Amino acid sequence: MASLKHLNSKASVDEILSVLHDDAGLIIDNLIDQDQVERISADLNPYLKIDAFGRDEFTGFKTKRVGALIARSEACQELALHNKINEVSKQYLEPHGDGYQLHFTSAVCIGPGESKQILHRDRGIWGGYLPRKVEPLMSTIWAITEFTKANGATQIVPGSHKWDKDRIPKEDEIAYAEMKAGSVLLYTGTVLHGGGKNETLNDSRTGVFLHYALNWLRQEENQYLSCPPDIAKNLSPEIRSLIGYSKGGYVLGFYSDPHDKSASFESVSPENMFKDHVQDDFSSLPDPTELVSKSNK
Ligand SMILES: O=C(O)CCC(=O)C(=O)O
Ligand SMILES: [Fe+2]
């Protein structure tokens, strides 16, 4: 029977990266404390108590999904900025781009009677056009309730990021992300995984999904609509930048202010939306020859 490696909360970024490279999935036990779990639950409960279920087999007829977690939950903002997770995302994605962004936020509550989700690779959201050598995602599922095999713990196939795309796993190659509340599953965009079957009578499984993607790819959850400027203006510069109110590299994601007639806000970083007339720091721009050589990579 396949199993996932468990690391403890003190594990170094290097140790985590090493398992991620080998298996493309692992659990870090008790990375947040019960107080933080309770604050997340309290923020999400008003949304999760509404019976709004998935609309198809993939999203699950007995599964609830709540998005816009950055706008809706201060505790989830904190979670998204978790230092160690951000360092792992940065380093894991570094060979494929010059930055990363928060790409998807969702609380997923698998209810009793849910069937298992089809195994898939999350990179499929880009339609299969990304060459396999590009790894686009470093994803997390934070356990807010305990995850057990019986209540729908995520199925995951360690090592399948190296498989031929058509290889189908045997039953004993599938592991289950069993973990206590406060633990987190890390997995990549290329590993086979899917929600588990919930065969309990009254035990729902809730996870908070926070996915980090390369900054040059379109985000799965449109952060500018899920967290529009009138909400973003009250958040910290760090979380605003992480969800995309910042430039990716030289010019990616710049904006020009449509109301500005003074040409003070032409082709500037979105960070300028939240400040009074602060210009970009052009001293950090790369050498033009470096820009050209990068464009041919
Ligand atoms: O709920 C889970 O454990 C996994 C869900 C998933 O992988 C997805 O919806 O893409
Ligand atoms: Fe998935």
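Reply: Strand β5 (residues 137-143) pairs with strand β10 (residues 205-214) in the antiparallel sense, over 7 bridges. Within this pairing, Ser-139 stands opposite His-211 in β10. The model is a predicted one.

Helix α5 (residues 83-93) packs on the sheet and touches β4, β5, β8 and β10. The direction of α5 makes about 155° with that of β5. Helix α1 (residues 13-23) also packs on the sheet. The strands touched by α1 are β1, β2 (25-28) and β8 (184-188), and its direction makes about 150° with that of β2.

The sheet as a whole is open and has 7 strands, in the order β1-β2-β8-β5-β10-β4-β3, with mixed pairing. Its edge strands, β1 (6-7) and β3 (63-66), each pair on one side only.

Next comes the nonpolar core. The largest one has 64 residues, and Val-184, Leu-186 and Val-208 have the most contacts inside it. Strand β4 (residues 100-110) gives the most to this core, with 7 residues. Leaving aside neighbours within four places in sequence, Leu-186 is in contact with Ile-16, Leu-20, Gly-25, Leu-26, Ile-28, Val-88, Met-138 and Thr-140. In soluble globular proteins, nonpolar side chains tend to be buried together.

The residues around ligand 1 are Val-108, Ile-110, Gln-117, Asp-122, Thr-154, His-193, Gly-194 and Gly-195. The elements that give two or more residues to this shell are β4 and β9 (193-194). By class, the shell has 2 nonpolar, 5 polar and 1 charged residues.

Technical notes: Residues numbered from 1 in each chain as written. Chains lettered and ligands numbered in written order. Predicted model: local features only at pLDDT ≥ 70, side-chain atom pairs only at ≥ 80, totals over all residues. Core = buried A, V, L, I, M, F, W, Y, C linked by C-beta atoms within 7 Å. Buried ≥ 20, exposed ≤ 12 C-beta atoms within 10 Å, placed from the backbone. Helix = DSSP H or I, 4+ residues; strand = E, 2+ residues; numbered from the N terminus. Contact = placed C-beta atoms within 7 Å. Near = placed C-beta within 6 Å. Nonpolar A, V, L, I, M, F, W, Y, C, P; charged D, E, K, R; others polar. Pairing = 2+ DSSP bridges. Axes fitted to C-alpha atoms, helices over the stretch in contact; angles between N-to-C directions.
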